[in-house]
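Me: I have a structure open and would like to go through it with you. Could we take it one topic at a time?

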Amino acid sequence: MHLQSLIKVVFMLMLMALSGCSSGVVKQRQAFDFSQSERIDLWIISHDPDALPKGINQQVLKNLAEWDYPVGTKAGMTFSHTLTAKVSEVERGNTPTGFSFSAGNADPRALDYQKMDVLPISCSLTAIANPEQMSELSMGFTASESDRRALDKAKLTDHISTVCFNLLREVKWPLAKAAATATKTPSSWMPEVQVETKETPAVVHQSAGSVKPEAPELRKEIIIHNQGSPVILHFGHERR
């Protein structure tokens, strides 16, 4: 397959999986030490505080708690980390990753070529005792014209919960062993998309006549879990 066609297919797969949002890269200042982790204090801020629907904080807490993340207050326990979600202003910008071939004005001569309304949302996790232990994830969500005037509570709750969920997942927040058991009741809330990144050994075939086996190579694998079948993207050279 031609390289340009292959790139197009990859982006189209990402489009189908993300269903209206783009995944970002987790920015980490310093690795976390979760040996003394307790509860997570959640804060939701916005460029316009009056635009945040009432009760959204409690709903996001509920969504994350259903996945066994220790968010919110609990008797006898203190906060060890702060989770801060920031809702930025809807902006007219470049199409989010995964939309390059399907959204925005398709005419390259147009002023709004591949431009669309995007709602940027970020979520950062910080250790209270050691602020240098901090990670942040940003994602962009497609926005409608009405989102510029008033943000829908249910939709915004899903967006914020999704970004914070993926951040906690990527930094590998330690969950209780009971949370991984098969008898656990399924959560009533599902993130819009789950992005999982990991490194897997690439398939390396030993060349004929080679005496020493070649050193194993690692390549990045990104698995995008959505409401349907997961999309798995591999990055890196696979030698044969």
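Reply: What follows is a conversation about parts of this structure, which is a predicted model.

Me: Let's start with H2. Which of its residues are buried?

Reply: Helix H2 covers residues 56-65, and its buried residues are Ile-56, Val-60, Leu-61, Asn-63 and Leu-64. They lie on the same side of H2, because they cover an arc of only 160 degrees around the axis.

Me: Why would residues a few places apart point the same way?

Reply: An α-helix has 3.6 residues a turn, so residues three or four places apart point the same way.

Me: And what covers the buried residues of H2?

Reply: The cover includes strand E3 (39-46), strand E4 (79-87) and helix H3 (153-170).

Me: New topic. How many disulfides does the structure hold?

Reply: The structure holds one disulfide. It joins Cys-123 to Cys-164, with an S to S distance of 2.2 Å. Cys-123 lies in strand E6 (residues 115-127) and Cys-164 in helix H3, so the pair ties together parts that are 41 residues apart in sequence.

Me: Are those two cysteines buried or exposed?

Reply: Cys-123 and Cys-164 are both buried.

Me: What about the handedness of the disulfide?

Reply: The disulfide is right-handed, because the torsion about the S-S bond of Cys-123 and Cys-164 is about 100 degrees.

Me: H3 keeps coming up. How does its span compare with what it should be?

Reply: The two agree, because the 18 residues of H3 should span 26 Å at 1.5 Å a residue, and its end C-alpha atoms are 26 Å apart.

Me: What happens at the ends of H3?

Reply: Asp-152 caps the N-terminal end of H3, where one of its side-chain oxygens lies 3.3 Å from the backbone nitrogen of Ala-154. Just after H3, Lys-172 takes a positive phi of about 60 degrees.

Me: Now the largest nonpolar core. Which residues touch the most other members?

Reply: This core has 38 residues, and those that touch the most other members are Ile-44, Leu-83, Leu-119, Leu-125, Leu-156 and Ile-160. Two or more residues come from each of E3, H2, E4, E6, strand E7 (134-142) and H3.

Me: Which element gives the most?

Reply: H3 gives the most to this core, with seven residues.

Me: Last one: which residues does Leu-156 touch?

Reply: Setting aside residues up to four places away in sequence, Leu-156 touches Leu-52, Pro-53, Ile-56, Val-87, Leu-119, Ile-121 and Leu-151. Of these, Ile-56 is also one of the buried residues of H2.

How values were computed
Residues are numbered from 1 along each chain as its sequence is written. This is a predicted model: local features need pLDDT of at least 70, side-chain atom pairs count only at pLDDT 80 or more; totals for chains, interfaces and linings use all residues. Side-chain values use heavy atoms; hydrogens and water are left out. Buried means under 20% relative accessible area, exposed over 50%, partly exposed in between (1.4 Å probe, protein chains only). Helices (H or I, at least four residues) and strands (E, at least two) are DSSP runs, numbered from the N terminus. The arc is that of the directions from the helix axis to the C-beta atoms. Contact means heavy atoms within 4.5 Å. A disulfide is a pair of cysteine sulfur atoms within 2.5 Å. The expected span of a helix is 1.5 Å times one less than its number of residues. A polar contact is a pair of N or O atoms within 3.5 Å; within protein, one must be able to donate a hydrogen and the other to accept it, and residues adjacent in sequence count only if both atoms are side-chain atoms. A nonpolar core is a set of buried Ala, Val, Leu, Ile, Met, Phe, Trp, Tyr and Cys residues joined through side-chain atoms within 4.5 Å.
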